[in-house]
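Here's a quick tour of one structure. Have a look at the sequence and the model first, then read on.

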Amino acid sequence: MNPTAGAGAIVELLLEADPGAAQQQGKTGWLPLHHACQFSSSAEVVRSVLAAHPEAPAGRTTKQPLPLHFACTNTTAGAGAIVEVLLEADPGAAQQQDKP
């Protein structure tokens with residue numbers, strides 16, 4: 001059984017309730033995409049956040065690394081799929097340095 005099954009659908013429901021949430025930076029300056037890339041094991045969660053904020057993969061926040069760089073530190077079983085999703089969304093991210 002996949003413990004993250006349905007997680008993307010839950011995130012979609014949350015974003016339907018508050019569409020702007022995907023664009024809100026937290027206290028650390030991270031966008032929800034940064035959190036999803038670093039801590040989630042679900043590529044579907046990342047896809048859901050990307051659908052709500054398609055510009056997020058290319059955007060840096062307060063001198064933070066790109067979401068792709070966060071995904072590269074993800075140690076979950078879904079990390080490879082998350083990296084693939086991000087590279088599909090922003091192929092140029094692979095050419096960017098870790099910090100601005």
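Asp90 sits in the segment after α5 (helices are DSSP runs of H or I with at least four residues, numbered from the N terminus). This is a predicted model, where local features need pLDDT of at least 70, side-chain atom pairs count only at pLDDT 80 or more, and totals for chains, interfaces and linings use all residues. Residues are numbered from 1 along each chain as its sequence is written, and side-chain values use heavy atoms, leaving out hydrogens and water.

Asp90 has 17% relative accessibility, so Asp90 counts as buried (under 20% relative accessible area; 1.4 Å probe, protein chains only). Not counting residues up to four places away in sequence, Asp90 touches Pro57 and Ala58 (contact means heavy atoms within 4.5 Å).

Now the core. The largest nonpolar core has 23 residues, and Leu33, Cys37, Val46, Leu50, Ile82 and Leu86 touch the most other members (such a core is a set of buried Ala, Val, Leu, Ile, Met, Phe, Trp, Tyr and Cys residues joined through side-chain atoms within 4.5 Å). Each of the helices α1 (7-17), α2 (32-39), α3 (43-52), α4 (67-71) and α5 (79-89) supplies at least two residues of this core, and α3 gives the most, with five residues.

| α3 | Ala43, Val46, Arg47 and Leu50 |
| α5 | Ala81, Ile82, Val85, Leu86 and Ala89 |

Conventions. Buried means under 20% relative accessible area, exposed over 50%, partly exposed in between (1.4 Å probe, protein chains only).
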